[in-house]
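Got your viewer open and a coloring by confidence ready? Then follow along, one selection at a time.

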Amino acid sequence: MKSVTTLIFDGDCGFCLRWVNWIRPKVGSQVRVEPFQKVLPEFPQVSEGQCRNSIQWMRSDGSVARGAEAFFEALATGPFSQWLTLYRAFVPFRLLSEWGYRWVATHRVMANKVLEWLWGPSMPFSVRYERLLSTLARGMGVVYAMAFVSLAVQSEGLWGPNGVLPARDYLGWLRETVGPSVVALWPTLFWIQTSLFFQKVVLGVGGIAALFLILNRAPKWTALTAWIAYLSWVNVGQVFLEYQWDMLLLESGLVLFVALCLGPGRPALFLFRLLFFKFIFQSGLAKIESGDPTWRSLTALQYHFETTPLPTTLSSFAHHAPVWFLKITTATTLFLECVTPFFFFCARNVRAGIFVLHLLLQIGIGVTGQYGFFNILAIVLSLSLLEDSLPPFSQADWRIRSRRMSTKAIVITTIWPFLSFLPLPQLEGWHLSSHYGLFASMTTSREELRIERKTLSGWEPYEFRWKPGKIDRAPRWVQPHMPRLDWQMWFASLGRCENQRWLHQLLFRLLEGRPEVLALFREPPPTLPAPTKLRVVRVPYHFSSPEGRLHGIWWNAGEATPYCPEVSF
């Protein structure tokens, strides 16, 4: 046994056990790792006192290395030989390492308690990420499935041949404007054709890919297929598919594909954590940089629940919460978005606690406002803060994976964060990276746009399926479905009629009486002939008081004012 290199440690030291459990899978079977209490008689050249003071590295030739040198020699048998080279070649580093080793050895009990609080109890195996990466892939499959099903129920009315913004017309305009290179600059499967049948084919392929991803069948290629299908829709969806969560889904899907190519390991999970960091931190930073007075005075949530595009029934209750509670919640939101992202790369227990906080944040956002699959996607990304533990890699597996992942991981993790800041207009259509900052400037009043048709008895409104309309109709639950028309009406209310080309197209389709467009509404008047005259008015809305809510009145509506002039054929 003496001819085999042996690492001897103190078996009564919790800190030593924790370190040995971390190093054992990296050194593999070529190094014998034993507590001195078991093997001390085999090595007369070391004493019990020396073994209690520091680890002992018993070389096969009988010589001994102790302390920091033994630590770096043990690392050198795995994929970390550069540290031993640095230790031997650079004297200041060697002196600092020896001092650090002696300090930790002297305070090992305290160090072990700190590590136990940060990482949990010592475990006899190394951290791996196979189950976590599989869970992330399945979660992304769920989000993709929600997104494709949501598109399927509204695609004909929005982008079909007789829809509000036909994909065929948009791609024709792109080809005339950009030229032949537009196919590479603005990739979409709909360059093949834009017929209604082909649109359903792309939706079907995306949905099947999402299902296979959920079932963990060929996840790498199904993830790529789902990404291509959704990218194809985003690049013809125009204003209806320009929301931040659409960009986040594309970026997350691309990160998933790259992570699956890298395989389970820290580089793959680092990409997800980096994306989650970018998304959360940019969202918080945008609120600070905007200079919006409601965020600075912590009054943003006094307006948010009433003005959110598609409120829920709980939004009314949240809106009437005490002012002090809303201010504390606003401050907590800013803290979670601006401060906690820097803890995404900390120890395991810290990350687990941060995960719980962000899970609660996303649940709170989701039950008081309806953002389609956005909150579920954010929760899936937050899973990257966790980890799973499985039996260790063999040393051969460790070396092979390290060589295979190192170059790709260094290149990807170095370049990816800077894609958002590089001026690359030629890659805009690929949506490789995006900026985020939802509600950077808080809307402080709610104005609903109401489309009305002229009848013999006056003006009759078109009732939307999901956005507020009748004052006695409670907000309806719709997510994870994302009703694009209802959402876009909220955005239009923030601007001017002449800047809303899509709204003019919508009015034209209503004048034509197109059934696929009428199907987007809750209560279109199908029994009457197509209207001869339409108008759009702007109506102030406020949540009713709690007393009014008890009597079935959810909204107080103000006086209508013109938004778009009357239109007719």
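The stops below go from confidence to a disulfide, then other cysteines, then a surface patch.

**Ground rules.** This is a predicted model, where local features need pLDDT of at least 70, side-chain atom pairs count only at pLDDT 80 or more, and totals for chains, interfaces and linings use all residues. Numbering runs from 1 along each chain as its sequence is written, and side-chain values use heavy atoms, with hydrogens and water left out.

**Stop 1: color by pLDDT.** That is the predictor's confidence in each residue, from 0 to 100. The chain averages 87, and 89% of its residues reach 70 or more. Helix α12 (residues 196-214) has the highest mean pLDDT of the elements, 97, while helix α22 (residues 395-415) has the lowest, 45. Select residues 390-414: pLDDT stays under 50 there, and the model has 55 contacts beyond four places in sequence for this stretch, a contact being heavy atoms within 4.5 Å. Residues 123-127 also stay under 50, with 18 such contacts.

Stop 2: How many disulfides does a search of the whole structure find? One, counting cysteine sulfur pairs within 2.5 Å. Cys497 is joined to Cys564, S to S 1.9 Å. The torsion about their S-S bond is about 105°, so the disulfide is right-handed. Cys497 sits in the loop between α23 (484-493) and α24 (501-512), and Cys564 in strand β13 (residues 561-567), so the pair ties together parts 67 residues apart in sequence. Buried or exposed? Cys497 is buried at 7% relative accessible area, and Cys564 is buried at 6%. The cut-offs are under 20% for buried, over 50% for exposed and partly exposed in between (1.4 Å probe, protein chains only).

**Stop 3: Cys16 and Cys51.** Cys16 counts as buried at 13% relative accessibility, and so does Cys51 at 2%.

**Stop 4: the nonpolar patch.** Select Leu96, Trp99, Trp103, Met110 and Val114, and show the surface: together they form a nonpolar patch with about 540 Å² of accessible area. Patch members have over 30% relative accessible area and no salt bridge, and nonpolar side chains (Val, Leu, Ile, Met, Phe, Trp, Tyr) are joined within 5 Å. Helices α6 (91-106) and α7 (108-119) each supply at least two of the residues, with the largest share, three, coming from α6. Finish on Trp103, in α6: this residue is partly exposed, at 40% relative accessible area.

Key: Patches are made of residues with over 30% relative accessible area and no salt bridge: like charges are joined within 9 Å, nonpolar side chains (Val, Leu, Ile, Met, Phe, Trp, Tyr) within 5 Å. Accessible areas come from the Shrake-Rupley method with a 1.4 Å probe; for residues, only the protein chains shown count as cover. A salt bridge is a side-chain nitrogen of Lys or Arg within 4 Å of a carboxyl oxygen of Asp or Glu. Helices (H or I, at least four residues) and strands (E, at least two) are DSSP runs, numbered from the N terminus.
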